[in-house]
Amino acid sequence: MKKFFTVCIACLIFALTQAQQLSPAQLFPGLFQAVQLSGVYPDNKTFVDALPKQYPAIILKAYNQQKNKPDFDLKQFVDAYFTAPGSSSNNFTSDIKAGIREHIDTLWQVLYRKHNAVPPYSSLIALPYDFIVPGGRFREVYYWDSYFTMLGLKQSHKNQLIKDMVDNFAYLIDRFGFVPNGNRTYYLTRSQPPFFAMMVSLLAKIEGNEVLVRYQPELLKEYAYWMNGADNLKNGQAFKTSVRLNDGTLLNRYWDTSDQPREESYKQDVAAAKLTKQKLPDFYHNIRAAAASGWDFSSRWFDASGKLETIQTTNIIPVDLNCLLFHLETVIAQSYALQGNTVQKQFYQNKAAQRKQAILAYCWDEKAGWFMDYNWKLQQLSPVETLAGVFPLAFGLASKTQAESVAQKLKTKFLKSGGLVSTVNRTGQQWDAPNAWAPLEYMAIDGLEKYQQKELAKEVAERWTGINNRVFEQTGKLMEKYNVVDTDVKAGGGEYPLQDGFGWTNGVLLDLMNRYHVNP
(Lines give C-alpha, C1' and ligand atoms only; values in the text may rest on other atoms or scores of the structure.)
Protein backbone atom coordinates (compact mmCIF):
# COMPACT_ATOMS: atom_id res chain seq x y z
CA MET A 1 0.00 0.00 0.00
CA LYS A 2 2.83 2.38 0.88
CA LYS A 3 4.53 1.63 -2.44
CA PHE A 4 1.25 2.27 -4.29
CA PHE A 5 0.83 5.58 -2.45
CA THR A 6 4.39 6.62 -3.34
CA VAL A 7 3.83 5.77 -7.00
CA CYS A 8 0.57 7.78 -7.04
CA ILE A 9 2.29 10.80 -5.55
CA ALA A 10 5.07 10.51 -8.15
CA CYS A 11 2.44 10.28 -10.91
CA LEU A 12 0.66 13.36 -9.54
CA ILE A 13 3.89 15.34 -9.44
CA PHE A 14 4.70 14.27 -13.01
CA ALA A 15 1.21 15.21 -14.20
CA LEU A 16 1.44 18.61 -12.54
CA THR A 17 4.87 19.19 -14.07
CA GLN A 18 3.50 18.35 -17.51
CA ALA A 19 0.53 20.65 -16.93
CA GLN A 20 2.94 23.43 -16.00
CA GLN A 21 4.37 23.15 -19.51
CA LEU A 22 0.98 23.57 -21.19
CA SER A 23 0.30 27.03 -22.56
CA PRO A 24 -2.88 29.01 -21.79
CA ALA A 25 -4.34 28.12 -25.21
CA GLN A 26 -3.80 24.44 -24.41
CA LEU A 27 -5.20 24.72 -20.88
CA PHE A 28 -8.27 26.76 -21.78
CA PRO A 29 -9.47 25.83 -25.30
CA GLY A 30 -12.41 27.95 -26.39
CA LEU A 31 -12.18 30.29 -23.42
CA PHE A 32 -8.71 31.40 -24.49
CA GLN A 33 -9.82 32.37 -27.99
CA ALA A 34 -12.94 34.14 -26.68
CA VAL A 35 -10.95 36.26 -24.24
CA GLN A 36 -8.17 37.17 -26.65
CA LEU A 37 -10.55 38.20 -29.45
CA SER A 38 -13.00 40.01 -27.18
CA GLY A 39 -10.92 42.90 -25.93
CA VAL A 40 -11.51 41.99 -22.27
CA TYR A 41 -7.90 43.09 -21.85
CA PRO A 42 -6.47 45.76 -24.19
CA ASP A 43 -3.18 43.81 -24.30
CA ASN A 44 -3.31 40.13 -25.28
CA LYS A 45 -0.30 39.46 -23.05
CA THR A 46 -2.37 40.18 -19.94
CA PHE A 47 -4.52 37.05 -20.13
CA VAL A 48 -1.67 34.67 -20.95
CA ASP A 49 0.16 35.99 -17.88
CA ALA A 50 -2.91 35.87 -15.60
CA LEU A 51 -3.11 33.34 -12.76
CA PRO A 52 -6.03 30.86 -12.67
CA LYS A 53 -7.83 30.82 -9.31
CA GLN A 54 -9.11 27.26 -9.86
CA TYR A 55 -7.99 24.14 -11.70
CA PRO A 56 -8.35 24.60 -15.48
CA ALA A 57 -10.92 21.77 -15.71
CA ILE A 58 -13.16 23.53 -13.17
CA ILE A 59 -12.83 26.86 -14.98
CA LEU A 60 -13.58 25.31 -18.36
CA LYS A 61 -16.61 23.47 -17.02
CA ALA A 62 -17.98 26.69 -15.56
CA TYR A 63 -17.32 28.56 -18.79
CA ASN A 64 -19.07 25.97 -20.96
CA GLN A 65 -22.05 25.95 -18.61
CA GLN A 66 -22.40 29.74 -18.53
CA LYS A 67 -21.20 31.08 -21.91
CA ASN A 68 -24.52 30.72 -23.75
CA LYS A 69 -26.69 32.27 -21.04
CA PRO A 70 -28.26 35.62 -22.01
CA ASP A 71 -26.74 37.47 -19.07
CA PHE A 72 -23.22 36.00 -19.43
CA ASP A 73 -20.50 38.62 -19.05
CA LEU A 74 -17.07 37.40 -20.21
CA LYS A 75 -15.15 40.09 -18.35
CA GLN A 76 -16.93 39.32 -15.09
CA PHE A 77 -16.21 35.62 -15.61
CA VAL A 78 -12.52 36.24 -16.26
CA ASP A 79 -12.26 38.53 -13.23
CA ALA A 80 -13.90 35.85 -11.10
CA TYR A 81 -11.60 33.02 -12.21
CA PHE A 82 -8.27 34.75 -12.97
CA THR A 83 -5.95 37.21 -11.28
CA ALA A 84 -4.54 39.71 -13.77
CA PRO A 85 -0.80 40.41 -13.55
CA GLY A 86 0.58 43.76 -12.47
CA SER A 87 3.33 45.75 -14.16
CA SER A 88 6.88 44.65 -13.40
CA SER A 89 7.62 48.13 -12.06
CA ASN A 90 4.46 48.97 -10.13
CA ASN A 91 4.64 51.56 -7.36
CA PHE A 92 8.01 52.92 -8.47
CA THR A 93 8.53 56.65 -8.84
CA SER A 94 11.72 58.04 -10.34
CA ASP A 95 13.84 60.64 -8.59
CA ILE A 96 15.15 62.67 -11.52
CA LYS A 97 17.20 64.94 -9.28
CA ALA A 98 19.21 61.97 -7.99
CA GLY A 99 20.59 61.46 -11.51
CA ILE A 100 20.53 58.68 -14.06
CA ARG A 101 23.22 56.53 -12.45
CA GLU A 102 21.30 56.44 -9.17
CA HIS A 103 18.17 55.70 -11.18
CA ILE A 104 19.75 52.65 -12.84
CA ASP A 105 21.08 51.43 -9.52
CA THR A 106 17.57 51.65 -8.08
CA LEU A 107 16.08 49.96 -11.15
CA TRP A 108 18.21 46.87 -10.62
CA GLN A 109 16.24 46.44 -7.39
CA VAL A 110 12.88 47.22 -9.04
CA LEU A 111 13.47 44.76 -11.90
CA TYR A 112 15.01 42.09 -9.65
CA ARG A 113 13.05 38.87 -9.20
CA LYS A 114 13.55 36.10 -6.65
CA HIS A 115 13.40 32.52 -7.88
CA ASN A 116 10.21 31.81 -5.99
CA ALA A 117 8.01 28.80 -6.67
CA VAL A 118 5.51 29.32 -9.48
CA PRO A 119 1.79 28.81 -8.72
CA PRO A 120 0.12 25.82 -10.42
CA TYR A 121 -1.04 26.43 -13.99
CA SER A 122 0.74 29.75 -14.29
CA SER A 123 2.30 30.30 -17.72
CA LEU A 124 5.50 31.26 -15.92
CA ILE A 125 8.30 28.66 -15.92
CA ALA A 126 10.14 28.52 -12.61
CA LEU A 127 13.85 29.26 -12.62
CA PRO A 128 16.37 28.04 -10.03
CA TYR A 129 18.15 31.38 -9.55
CA ASP A 130 17.31 35.07 -9.25
CA PHE A 131 17.10 37.27 -12.34
CA ILE A 132 16.31 40.66 -13.87
CA VAL A 133 13.22 41.29 -16.01
CA PRO A 134 13.12 43.97 -18.76
CA GLY A 135 10.24 46.03 -17.30
CA GLY A 136 6.70 47.12 -18.08
CA ARG A 137 4.59 44.31 -19.58
CA PHE A 138 7.68 42.07 -19.77
CA ARG A 139 7.43 40.29 -16.42
CA GLU A 140 9.75 37.37 -17.19
CA VAL A 141 13.29 36.76 -18.38
CA TYR A 142 13.93 37.36 -22.09
CA TYR A 143 16.79 35.64 -23.84
CA TRP A 144 18.71 38.20 -25.88
CA ASP A 145 17.62 41.11 -23.66
CA SER A 146 19.50 39.53 -20.80
CA TYR A 147 22.97 39.74 -22.37
CA PHE A 148 22.70 43.50 -22.72
CA THR A 149 21.26 43.78 -19.22
CA MET A 150 24.28 41.82 -17.96
CA LEU A 151 26.62 44.44 -19.46
CA GLY A 152 25.17 46.93 -17.00
CA LEU A 153 25.17 44.46 -14.13
CA LYS A 154 28.89 44.01 -14.72
CA GLN A 155 29.41 47.76 -14.49
CA SER A 156 27.40 47.73 -11.26
CA HIS A 157 29.62 44.90 -9.92
CA LYS A 158 26.64 42.55 -9.58
CA ASN A 159 28.67 39.56 -10.67
CA GLN A 160 26.72 36.99 -8.66
CA LEU A 161 23.52 38.04 -10.40
CA ILE A 162 25.23 37.63 -13.78
CA LYS A 163 26.25 34.10 -12.81
CA ASP A 164 22.74 33.36 -11.56
CA MET A 165 21.24 34.46 -14.87
CA VAL A 166 23.74 32.41 -16.89
CA ASP A 167 22.88 29.42 -14.69
CA ASN A 168 19.17 30.02 -15.38
CA PHE A 169 19.80 29.87 -19.12
CA ALA A 170 21.92 26.74 -18.67
CA TYR A 171 19.00 25.23 -16.73
CA LEU A 172 16.56 26.07 -19.54
CA ILE A 173 18.88 24.50 -22.11
CA ASP A 174 19.22 21.37 -19.99
CA ARG A 175 15.47 21.15 -19.47
CA PHE A 176 14.15 22.04 -22.92
CA GLY A 177 17.15 21.61 -25.20
CA PHE A 178 17.22 25.32 -26.03
CA VAL A 179 16.63 28.75 -24.49
CA PRO A 180 12.99 29.75 -24.97
CA ASN A 181 12.15 33.29 -26.08
CA GLY A 182 11.22 33.86 -22.41
CA ASN A 183 10.40 31.69 -19.41
CA ARG A 184 6.71 31.32 -20.29
CA THR A 185 4.95 28.20 -21.55
CA TYR A 186 3.68 30.06 -24.61
CA TYR A 187 7.28 30.73 -25.64
CA LEU A 188 8.30 27.06 -25.72
CA THR A 189 8.02 26.86 -29.51
CA ARG A 190 10.89 29.23 -30.29
CA SER A 191 14.18 30.65 -29.14
CA GLN A 192 15.72 34.10 -29.76
CA PRO A 193 19.10 35.39 -31.02
CA PRO A 194 21.59 32.93 -29.46
CA PHE A 195 23.54 35.10 -27.05
CA PHE A 196 24.28 32.35 -24.51
CA ALA A 197 27.87 32.00 -25.71
CA MET A 198 28.25 35.78 -25.36
CA MET A 199 26.97 35.54 -21.79
CA VAL A 200 29.40 32.74 -21.02
CA SER A 201 32.24 34.79 -22.51
CA LEU A 202 31.21 37.77 -20.38
CA LEU A 203 31.22 35.62 -17.24
CA ALA A 204 34.61 34.24 -18.27
CA LYS A 205 36.01 37.78 -18.15
CA ILE A 206 34.93 37.90 -14.52
CA GLU A 207 35.73 34.39 -13.31
CA GLY A 208 38.34 33.11 -15.77
CA ASN A 209 38.34 30.82 -18.82
CA GLU A 210 37.37 27.71 -16.86
CA VAL A 211 33.84 29.08 -17.25
CA LEU A 212 33.96 28.04 -20.93
CA VAL A 213 34.51 24.43 -19.89
CA ARG A 214 31.89 24.58 -17.12
CA TYR A 215 29.15 25.50 -19.59
CA GLN A 216 30.42 23.39 -22.48
CA PRO A 217 27.55 20.84 -22.19
CA GLU A 218 24.95 23.60 -22.55
CA LEU A 219 26.86 25.32 -25.37
CA LEU A 220 26.83 22.02 -27.25
CA LYS A 221 23.12 21.47 -26.59
CA GLU A 222 22.25 24.93 -27.88
CA TYR A 223 24.36 24.31 -30.96
CA ALA A 224 22.53 21.02 -31.51
CA TYR A 225 19.22 22.87 -31.33
CA TRP A 226 20.23 25.34 -34.03
CA MET A 227 21.73 22.63 -36.26
CA ASN A 228 18.89 20.14 -35.81
CA GLY A 229 18.40 18.10 -38.99
CA ALA A 230 21.19 19.88 -40.88
CA ASP A 231 23.16 16.73 -41.68
CA ASN A 232 20.20 15.15 -43.51
CA LEU A 233 19.34 18.15 -45.66
CA LYS A 234 19.68 17.95 -49.40
CA ASN A 235 20.78 20.98 -51.40
CA GLY A 236 18.06 23.62 -51.56
CA GLN A 237 16.22 22.27 -48.50
CA ALA A 238 15.48 23.65 -45.04
CA PHE A 239 14.45 22.01 -41.78
CA LYS A 240 13.50 24.11 -38.77
CA THR A 241 16.43 26.48 -38.21
CA SER A 242 18.83 24.87 -40.72
CA VAL A 243 19.12 25.72 -44.43
CA ARG A 244 21.31 24.02 -47.03
CA LEU A 245 21.79 26.21 -50.08
CA ASN A 246 21.93 24.89 -53.64
CA ASP A 247 25.73 24.60 -53.57
CA GLY A 248 25.67 22.66 -50.28
CA THR A 249 26.53 25.65 -48.05
CA LEU A 250 24.95 25.36 -44.62
CA LEU A 251 23.52 28.44 -42.86
CA ASN A 252 20.68 29.15 -40.44
CA ARG A 253 17.38 30.98 -40.17
CA TYR A 254 14.85 31.76 -37.45
CA TRP A 255 12.03 29.30 -36.86
CA ASP A 256 9.10 28.63 -34.55
CA THR A 257 7.58 25.15 -34.48
CA SER A 258 3.98 26.38 -34.15
CA ASP A 259 1.80 27.31 -37.11
CA GLN A 260 -0.87 29.06 -34.99
CA PRO A 261 -1.29 32.73 -33.99
CA ARG A 262 1.01 33.80 -31.18
CA GLU A 263 -0.85 33.47 -27.89
CA GLU A 264 0.49 36.77 -26.52
CA SER A 265 -0.54 38.61 -29.71
CA TYR A 266 -3.47 36.44 -30.77
CA LYS A 267 -5.90 39.13 -31.87
CA GLN A 268 -3.26 41.02 -33.90
CA ASP A 269 -2.11 37.85 -35.67
CA VAL A 270 -5.64 36.76 -36.55
CA ALA A 271 -6.36 40.23 -37.95
CA ALA A 272 -3.10 40.33 -39.93
CA ALA A 273 -3.78 36.87 -41.37
CA LYS A 274 -6.95 38.17 -43.03
CA LEU A 275 -4.80 40.36 -45.29
CA THR A 276 -2.21 37.82 -46.39
CA LYS A 277 -2.22 35.73 -49.55
CA GLN A 278 -0.07 33.08 -47.87
CA LYS A 279 -1.43 29.83 -46.53
CA LEU A 280 -2.23 30.48 -42.87
CA PRO A 281 0.28 27.96 -41.44
CA ASP A 282 3.04 29.57 -43.54
CA PHE A 283 2.00 33.06 -42.49
CA TYR A 284 1.99 32.16 -38.80
CA HIS A 285 5.38 30.45 -39.13
CA ASN A 286 6.73 33.66 -40.68
CA ILE A 287 5.18 35.88 -37.99
CA ARG A 288 6.53 33.66 -35.23
CA ALA A 289 9.98 33.39 -36.82
CA ALA A 290 10.18 37.18 -36.80
CA ALA A 291 9.31 37.11 -33.10
CA ALA A 292 12.13 34.59 -32.64
CA SER A 293 14.50 37.04 -34.30
CA GLY A 294 13.66 39.74 -31.76
CA TRP A 295 12.89 42.09 -34.68
CA ASP A 296 9.12 41.93 -34.47
CA PHE A 297 8.45 43.57 -36.79
CA SER A 298 10.62 45.15 -39.49
CA SER A 299 10.71 45.68 -43.24
CA ARG A 300 13.73 43.37 -43.28
CA TRP A 301 11.24 40.50 -43.25
CA PHE A 302 8.77 41.90 -45.85
CA ASP A 303 8.73 42.04 -49.63
CA ALA A 304 9.22 45.29 -51.53
CA SER A 305 5.74 46.53 -50.55
CA GLY A 306 6.88 46.85 -46.94
CA LYS A 307 3.63 45.37 -45.66
CA LEU A 308 3.27 42.89 -42.78
CA GLU A 309 1.04 40.55 -44.78
CA THR A 310 4.01 39.82 -47.10
CA ILE A 311 6.26 38.67 -44.24
CA GLN A 312 8.75 36.00 -45.37
CA THR A 313 11.05 35.50 -42.40
CA THR A 314 11.54 31.78 -42.97
CA ASN A 315 12.86 32.51 -46.48
CA ILE A 316 15.59 34.73 -45.10
CA ILE A 317 19.04 33.83 -43.80
CA PRO A 318 19.80 36.61 -41.29
CA VAL A 319 23.35 37.89 -41.22
CA ASP A 320 23.25 38.62 -37.47
CA LEU A 321 22.01 35.14 -36.52
CA ASN A 322 24.82 33.49 -38.44
CA CYS A 323 27.42 35.76 -36.87
CA LEU A 324 26.14 34.72 -33.45
CA LEU A 325 26.40 31.05 -34.44
CA PHE A 326 29.94 31.69 -35.71
CA HIS A 327 30.74 32.98 -32.24
CA LEU A 328 29.07 29.95 -30.63
CA GLU A 329 31.21 27.62 -32.75
CA THR A 330 34.31 29.60 -31.82
CA VAL A 331 33.56 29.46 -28.08
CA ILE A 332 32.92 25.70 -28.23
CA ALA A 333 36.30 25.31 -29.97
CA GLN A 334 37.93 27.37 -27.20
CA SER A 335 36.33 25.19 -24.53
CA TYR A 336 37.81 22.07 -26.13
CA ALA A 337 41.20 23.76 -26.46
CA LEU A 338 41.16 24.40 -22.71
CA GLN A 339 40.58 20.66 -22.20
CA GLY A 340 43.42 19.75 -24.54
CA ASN A 341 40.99 18.07 -26.94
CA THR A 342 42.61 19.06 -30.23
CA VAL A 343 40.33 16.92 -32.40
CA GLN A 344 37.12 18.56 -31.22
CA LYS A 345 38.77 21.97 -31.12
CA GLN A 346 39.70 21.62 -34.78
CA PHE A 347 36.26 20.31 -35.67
CA TYR A 348 34.50 23.42 -34.34
CA GLN A 349 37.18 25.74 -35.66
CA ASN A 350 36.48 24.29 -39.10
CA LYS A 351 32.74 24.82 -38.60
CA ALA A 352 33.38 28.45 -37.69
CA ALA A 353 35.71 28.94 -40.66
CA GLN A 354 33.12 27.48 -43.04
CA ARG A 355 30.42 29.74 -41.63
CA LYS A 356 32.64 32.80 -41.93
CA GLN A 357 33.34 31.98 -45.57
CA ALA A 358 29.60 31.49 -46.19
CA ILE A 359 28.66 34.80 -44.52
CA LEU A 360 31.21 36.67 -46.60
CA ALA A 361 30.07 34.90 -49.76
CA TYR A 362 26.33 35.22 -49.31
CA CYS A 363 25.78 38.29 -47.13
CA TRP A 364 28.27 40.86 -48.42
CA ASP A 365 26.83 43.22 -51.03
CA GLU A 366 29.79 44.78 -52.82
CA LYS A 367 27.63 47.29 -54.65
CA ALA A 368 25.85 48.47 -51.51
CA GLY A 369 28.98 48.23 -49.38
CA TRP A 370 26.94 46.57 -46.67
CA PHE A 371 26.26 43.20 -45.07
CA MET A 372 22.76 42.01 -45.98
CA ASP A 373 20.40 39.17 -45.23
CA TYR A 374 20.11 36.50 -47.92
CA ASN A 375 16.80 35.23 -49.34
CA TRP A 376 17.51 31.55 -49.93
CA LYS A 377 14.20 30.96 -51.73
CA LEU A 378 14.82 33.73 -54.27
CA GLN A 379 18.58 33.03 -54.23
CA GLN A 380 19.41 36.72 -53.89
CA LEU A 381 20.38 39.29 -51.32
CA SER A 382 17.62 41.01 -49.44
CA PRO A 383 17.19 44.61 -50.65
CA VAL A 384 16.69 46.00 -47.13
CA GLU A 385 19.74 47.47 -45.41
CA THR A 386 19.51 47.05 -41.63
CA LEU A 387 21.69 47.52 -38.59
CA ALA A 388 22.09 43.74 -38.51
CA GLY A 389 24.82 44.53 -41.04
CA VAL A 390 27.16 45.61 -38.22
CA PHE A 391 27.34 42.11 -36.69
CA PRO A 392 30.19 40.92 -38.96
CA LEU A 393 32.22 43.81 -37.55
CA ALA A 394 31.28 43.05 -33.96
CA PHE A 395 32.51 39.46 -34.42
CA GLY A 396 35.59 40.34 -36.47
CA LEU A 397 34.42 38.67 -39.69
CA ALA A 398 34.75 41.68 -42.01
CA SER A 399 37.86 42.70 -43.91
CA LYS A 400 39.36 46.12 -43.20
CA THR A 401 37.94 47.42 -46.50
CA GLN A 402 34.48 46.05 -45.75
CA ALA A 403 34.54 47.59 -42.28
CA GLU A 404 35.50 50.97 -43.71
CA SER A 405 32.60 50.76 -46.15
CA VAL A 406 30.15 49.84 -43.37
CA ALA A 407 31.45 52.69 -41.21
CA GLN A 408 30.97 55.17 -44.04
CA LYS A 409 27.38 54.09 -44.61
CA LEU A 410 26.64 54.15 -40.90
CA LYS A 411 27.81 57.76 -40.83
CA THR A 412 26.00 58.95 -43.95
CA LYS A 413 22.79 56.88 -43.92
CA PHE A 414 22.01 55.42 -40.47
CA LEU A 415 23.34 58.02 -38.05
CA LYS A 416 20.69 60.47 -36.85
CA SER A 417 20.67 63.07 -34.12
CA GLY A 418 19.87 60.50 -31.41
CA GLY A 419 21.83 57.50 -32.68
CA LEU A 420 21.55 54.83 -35.36
CA VAL A 421 18.16 53.91 -36.86
CA SER A 422 17.43 50.18 -37.18
CA THR A 423 16.58 50.63 -40.87
CA VAL A 424 15.98 53.74 -42.98
CA ASN A 425 12.46 52.60 -43.93
CA ARG A 426 9.43 54.21 -42.32
CA THR A 427 6.78 51.49 -42.24
CA GLY A 428 5.16 52.07 -38.86
CA GLN A 429 6.86 48.92 -37.57
CA GLN A 430 8.86 49.32 -34.38
CA TRP A 431 12.11 47.89 -35.77
CA ASP A 432 12.21 50.41 -38.62
CA ALA A 433 12.92 54.14 -38.76
CA PRO A 434 12.67 56.37 -36.83
CA ASN A 435 13.31 53.93 -33.99
CA ALA A 436 16.56 52.81 -32.42
CA TRP A 437 17.26 50.07 -29.89
CA ALA A 438 20.02 49.67 -27.31
CA PRO A 439 21.31 46.23 -28.42
CA LEU A 440 21.88 47.36 -32.01
CA GLU A 441 23.56 50.59 -30.90
CA TYR A 442 25.89 48.54 -28.72
CA MET A 443 26.78 46.01 -31.41
CA ALA A 444 27.46 48.82 -33.90
CA ILE A 445 29.69 50.69 -31.44
CA ASP A 446 31.51 47.48 -30.52
CA GLY A 447 32.04 46.63 -34.19
CA LEU A 448 33.40 50.09 -34.99
CA GLU A 449 35.79 49.89 -32.04
CA LYS A 450 37.10 46.52 -33.22
CA TYR A 451 38.08 48.05 -36.58
CA GLN A 452 39.63 51.19 -35.11
CA GLN A 453 36.72 53.42 -36.17
CA LYS A 454 36.96 55.03 -32.76
CA GLU A 455 35.83 58.54 -33.67
CA LEU A 456 32.57 57.31 -35.20
CA ALA A 457 32.04 54.83 -32.36
CA LYS A 458 32.34 57.67 -29.87
CA GLU A 459 29.98 59.86 -31.90
CA VAL A 460 27.30 57.13 -31.93
CA ALA A 461 27.77 56.51 -28.21
CA GLU A 462 27.49 60.20 -27.36
CA ARG A 463 24.33 60.66 -29.41
CA TRP A 464 22.75 57.55 -27.93
CA THR A 465 23.61 58.31 -24.31
CA GLY A 466 22.51 61.88 -25.00
CA ILE A 467 18.98 60.95 -26.03
CA ASN A 468 18.73 58.46 -23.15
CA ASN A 469 19.66 61.22 -20.72
CA ARG A 470 17.37 63.86 -22.26
CA VAL A 471 14.34 61.57 -22.14
CA PHE A 472 15.17 60.64 -18.56
CA GLU A 473 15.37 64.29 -17.53
CA GLN A 474 12.00 64.93 -19.17
CA THR A 475 10.15 61.82 -18.00
CA GLY A 476 12.15 60.10 -15.27
CA LYS A 477 12.19 56.95 -17.39
CA LEU A 478 14.51 54.83 -19.52
CA MET A 479 12.62 53.46 -22.49
CA GLU A 480 12.55 50.20 -24.41
CA LYS A 481 13.32 52.06 -27.67
CA TYR A 482 13.84 55.66 -28.84
CA ASN A 483 12.90 57.85 -31.77
CA VAL A 484 16.36 59.04 -32.84
CA VAL A 485 15.17 61.10 -35.84
CA ASP A 486 12.49 63.27 -34.26
CA THR A 487 14.04 63.37 -30.82
CA ASP A 488 11.18 65.38 -29.30
CA VAL A 489 8.76 62.57 -30.19
CA LYS A 490 8.43 59.24 -28.41
CA ALA A 491 9.22 56.07 -30.34
CA GLY A 492 6.23 54.35 -31.90
CA GLY A 493 5.06 51.28 -33.76
CA GLY A 494 4.68 47.80 -32.43
CA GLU A 495 1.76 45.90 -30.94
CA TYR A 496 1.81 47.48 -27.48
CA PRO A 497 2.46 50.89 -25.84
CA LEU A 498 6.02 52.12 -25.30
CA GLN A 499 7.53 50.29 -22.35
CA ASP A 500 9.75 51.76 -19.68
CA GLY A 501 12.17 50.08 -17.31
CA PHE A 502 14.14 48.96 -19.22
CA GLY A 503 16.66 46.14 -18.83
CA TRP A 504 18.76 46.34 -21.97
CA THR A 505 18.59 50.14 -22.18
CA ASN A 506 19.89 50.38 -18.61
CA GLY A 507 22.68 47.89 -19.27
CA VAL A 508 23.94 49.41 -22.52
CA LEU A 509 23.65 52.96 -21.22
CA LEU A 510 25.70 52.25 -18.10
CA ASP A 511 28.36 50.39 -20.12
CA LEU A 512 28.69 53.21 -22.65
CA MET A 513 28.69 56.00 -20.04
CA ASN A 514 31.56 54.28 -18.24
CA ARG A 515 33.41 53.41 -21.45
CA TYR A 516 33.25 56.96 -22.80
CA HIS A 517 33.37 58.73 -19.44
CA VAL A 518 29.95 60.34 -19.76
CA ASN A 519 28.87 61.94 -16.50
CA PRO A 520 25.42 63.51 -16.83
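**Entry 1: terms and ground rules**

I take buried to mean under 20% relative accessible area, exposed to mean over 50%, and partly exposed to mean in between, with a 1.4 Å probe and protein chains only. With that in hand I looked up Gln 379, which is exposed because its relative accessible area is 51%.

I note that this is a predicted model, in which local features need pLDDT of at least 70, side-chain atom pairs count only at pLDDT 80 or more, and totals for chains, interfaces and linings use all residues. Residues are numbered from 1 along each chain as its sequence is written, and side-chain values use heavy atoms, leaving out hydrogens and water.

**Entry 2: the whole chain**

I began with the overall picture. The protein chain holds 21 helices and 16 strands; helices (H or I, at least four residues) and strands (E, at least two) are DSSP runs, numbered from the N terminus. I found that the C-alpha trace spans about 70 × 55 × 50 Å along its principal axes.

The radius of gyration, taken over C-alpha atoms, can be set against a globule rule of 2.2 Å times the number of residues to the power 0.38. For 520 residues a compact globule would come near 24 Å, and the 23 Å of the protein chain agrees with that. I also saw that 57% of the 520 residues count as buried.

Contact, in these notes, means heavy atoms within 4.5 Å. Of the contacts between residues at least 6 apart in sequence, 68% join residues at least 24 apart.

**Entry 3: helix 3 with helix 6**

Next I turned to helix pairs. Axes are lines fitted to C-alpha atoms, for helices over the stretch in contact, and angles run from 0 to 180 degrees between N-to-C directions. Helix 3 (residues 31-38) packs with helix 6 (residues 74-81) at about 120 degrees, and their axes are 11 Å apart.

How do I name such an angle? Under 35 degrees counts as roughly parallel, over 145 as roughly antiparallel, 65 to 115 as roughly perpendicular, and the rest as oblique. Helix 3 and helix 6 are therefore oblique to each other.

Their crossing is left-handed. A crossing gets that name if the near helix is turned anticlockwise from the far one by less than a right angle, and is right-handed if clockwise.

I listed Leu 31, Ala 34, Val 35 and Ser 38 from helix 3, meeting Leu 74, Phe 77 and Val 78 from helix 6.

Helix 9 (residues 159-176) and helix 10 (residues 196-207) have axes that come within 10 Å and cross at roughly 145 degrees. The crossing of helix 9 with helix 10 is left-handed. Among the residues in contact are Ile 162 and Phe 169 of helix 9 and Met 199 and Leu 203 of helix 10. I noted the classes as 10 nonpolar, 1 polar and 2 charged for helix 9 with helix 10.

For helix 15 (residues 319-338) and helix 16 (residues 342-363), the axes come within 8 Å and cross at roughly 160 degrees. Helix 15 and helix 16 are therefore roughly antiparallel, and their crossing is left-handed. The residues that meet include Phe 326 and Tyr 336 in helix 15, and Tyr 348 and Ile 359 in helix 16. Their contact divides into 12 nonpolar, 4 polar and 5 charged residues.

**Entry 4: Leu 233**

Is Leu 233 buried or exposed? Leu 233 counts as buried because its relative accessibility is 10%. I located Leu 233 in the loop between helix 12 (216-226) and strand 5 (237-239). Leaving aside residues up to four places away in sequence, Leu 233 touches Ala 238, Phe 239, Ser 242, Val 243, Arg 244 and Leu 250. Its C-alpha atom is separated by 40 Å from that of Glu 207, 26 residues apart along the chain.

**Entry 5: backbone details**

I found a cis peptide bond from Asp 296 to Phe 297, with omega near 10 degrees. Phe 297 sits in the loop between helix 14 (280-293) and strand 8 (316-317). A cis bond also joins Ala 433 and Pro 434, with omega about 10 degrees.

Lys 240 is not glycine, yet its phi is positive, near 50 degrees. Lys 240 is partly exposed, at 30% relative accessible area. Back at Gln 379, I noted a positive phi near 55 degrees, and a place in the loop between strand 11 (374-375) and strand 12 (380-381).

Conventions
Nonpolar A, V, L, I, M, F, W, Y, C, P; charged D, E, K, R; others polar.
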